[in-house]
Amino acid sequence: MSSVGWAQDAEQQESQEAKVLADKVDGLELTTETEGETGQTNDAPTTAPSLPIAAPPPPAAAPPPLVANDATSEEGAVTAADLSLMRKVMRKGIVETKNNVEIYQKDPNNPLYSVKSFEALNLRPELLRGIYEMGFKLPSKIQEFSLPTLLAEPPSNLIAQSQSGTGKTAAFTLAMLSRIDPNKKCTQALVVSPTMELALQTLESVRQMGKYCTDITIRSAVKGDMLPRGQQVNEHIVIGTPGKLVDWTSKYKCLDLRSCKVFVLDEADVMIATQGHQDQSVRIHKQLPKECQMMLFSATYVDEVVNFAKAIFKDPVTFRLRREDETLKNIRQMYVECNSTEEKYEAISNIFTSLVGSAMFFCHTKHTATFLAKRLIDDGYQVGILTGDLTADERVKVLQRFRDGTERVLICTNVLARGIDVESVNLVVNYDLPQHYDSRRADTETYLHRIGRCGRFGKTGNAINIVDGIDDLRILKEVEDHFGVKVVKLDYNSVEDIEKLED
Ligand SMILES: Nc1ncnc2c1ncn2[C@@H]1O[C@H](COP(=O)(O)OP(=O)(O)OP(=O)(O)O)[C@@H](O)[C@H]1O
């Protein structure tokens, strides 16, 4: 779904998806929103939309009491011994995590490694104050590499790849904040994100890093944001989704990009690879001045996407990873073999029972996510569910509850596969393996992004794939071959394999 081929025509894609998935693949906000949601209105002014401020996540090592199914099964997909192994592995991960970052930042082969300090990157004192207050000590590799490139004069365009959770957001945020001239009251930087959740999360990161740049203004442009009729956006930084930004720039003409100096395409590969997003991104791009600096970031890129980007963005500096470096060693990848939907459910409820920390369970469709959430809730488990079916307000609330630790399990679709950063998440479960439903091949990019919701910035993470049948085993094998990794079967006999995974 995420990369149906960037050259594929939108109609063809829609009809294929309609045929293949009656209940619709969820994950990307492709459509232009309805006028009521998007347009200018005569409603009370909402120029500064109230946005959630991320609360610090609860300590991961203090799991709340389990709700139901506390007894572990002795038979079936996951045995009691497997579960106790998993609990042990997860607990061990939480203890190790505390010391990981400092160790990793001294290892030249690690993506968090750096030789320079933030001071040596010539950042403004206000920005240094902001990032030190966030607890950052040293830059990661992508920050150390990209910031000097992005801040050099004349500005260069950049296409950058770095593993999930290695600080790409801070890299472009610091560059963007450095380039704003607060004396000019107009939009000077635009960030385009594939989903509302990611746009709002980025907004919050920019707020935190820019906390001491008090003269810089920021706003979102996502589903539910409205402007009073006739009002123009004049915030220095605007962060939004493509549909809303196209509406504001082309339809309502309330966002003028002629003074924009920085354009960030976050999750650039999916923005280019998905036809609807590509069209919208190109439309926005056309309104930017020629000299506007382009910054493209993602954890995954296929060659066609990079070639397309290189053709559009003038002389970009490119920073790519080798395939074998794309996966993070601090995420243990495992699988559980099941033989029916019933066994899948049993595995899921057992995993729930052994949970330490927080988890995201990924389903391919809204329909499956709803089914799974309902069944778990009926059985007494406390879970959150987030799919594209919810209203903007509901989505914000559900994610906030998960960040706060009110629910420790969030059942979701690919809407949350990319970019979402919730510190307490130490387990990702693929209830459905990510695949391209047209070709039935593994969707390796989505796989990487999904598992990247844990194991962030040096933390230890666990990914469990629920495998049901021969097709799933084949998909898992494709994942292994693509990344050159071993996904270990979760059973008691593989304890050594599992513990070895991150050594
Ligand atoms: N230099 C740093 N020191 C400590 N923590 C950092 C540093 N840079 C970023 N972080 C933290 O690491 C986490 C992951 O960063 P971020 O979300 O930017 O990763 P990313 O590379 O954009 O991931 P993804 O590919 O999933 O979008 C965040 O919580 C962020 O605050």
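**Entry 1: the sheet with β8 to β12, β15 and β16.** I started with an open sheet of 7 strands in a predicted model. I read its order as β10-β11-β9-β12-β15-β8-β16, and the pairing is parallel. The edge strands are β10 (384–386) and β16 (488–489), and each of them pairs on one side only.

I then looked at one pair inside this sheet. Strands β8 (residues 331–338) and β15 (residues 461–468) run parallel and are joined by 8 bridges. On that pair I found E337 opposite V467 in β15.

**Entry 2: helices on that sheet.** Which strands does helix α12 touch? I traced α12 (residues 341–353) packing on the sheet, where it touches β8, β9 (358–362), β11 (409–412), β12 (425–430) and β15. Its direction makes about 160° with that of β15. I also checked helix α15 (residues 444–451), which lies across β8, β9, β12 and β15. Against β12, helix α15 runs at about 150°.

**Entry 3: the sheet with β1 to β7.** I went on to an open sheet of 7 strands in the order β3-β4-β2-β5-β6-β1-β7, with parallel pairing.

D266 stands opposite F297 in β6.

**Entry 4: the ligand.** How many residues surround the ligand? I get 18, and the closest are F136, G167, K168, T169 and F457. Helix α6 (residues 168–179) gives the most to this shell, with 3 residues. Sorting the shell by type, I have 5 nonpolar, 10 polar and 3 charged residues.

**Entry 5: what the record says.** I looked up UniProt, where an unreviewed entry lists residues 116–144 as "domain: DEAD-box RNA helicase Q". In the model, the end C-alpha atoms of that span lie 7 Å apart, and the span is 45% helix and 0% strand. The unreviewed entry also lists residues 149–319 as "domain: Helicase ATP-binding". For residues 149–319, I note end C-alpha atoms 11 Å apart, with 39% helix and 18% strand.

Entry 6: Where does P154 sit? I placed P154 in the loop between α5 (141–151) and β1 (158–161). A cis peptide bond joins E153 and P154, with omega about -5°. I also flagged N122, which has a positive phi of about 60° although it is not a glycine. N122 is in the loop between α3 (80–104) and α4 (125–133).

Entry 7: The mean pLDDT of the protein is 82, and 77% of its residues reach 70 or more. Over residues 1–25, though, pLDDT is below 50, and that stretch has 50 contacts in the model beyond near neighbours in sequence. Over residues 30–75 pLDDT also stays under 50, and I note 85 contacts beyond four places in sequence for them. Where pLDDT is low, the predicted coordinates should not be read in detail. For the complex, the predictor gives an ipTM of 0.99 and a pTM of 0.83.

Technical notes: Residues numbered from 1 in each chain as written. Predicted model: local features only at pLDDT ≥ 70, side-chain atom pairs only at ≥ 80, totals over all residues. pLDDT = per-residue confidence, 0-100. Contact = placed C-beta atoms within 7 Å. UniProt positions renumbered as here; feature names shortened; annotations may be inferred. Helix = DSSP H or I, 4+ residues; strand = E, 2+ residues; numbered from the N terminus. Pairing = 2+ DSSP bridges. Near = placed C-beta within 6 Å. Nonpolar A, V, L, I, M, F, W, Y, C, P; charged D, E, K, R; others polar. Axes fitted to C-alpha atoms, helices over the stretch in contact; angles between N-to-C directions.
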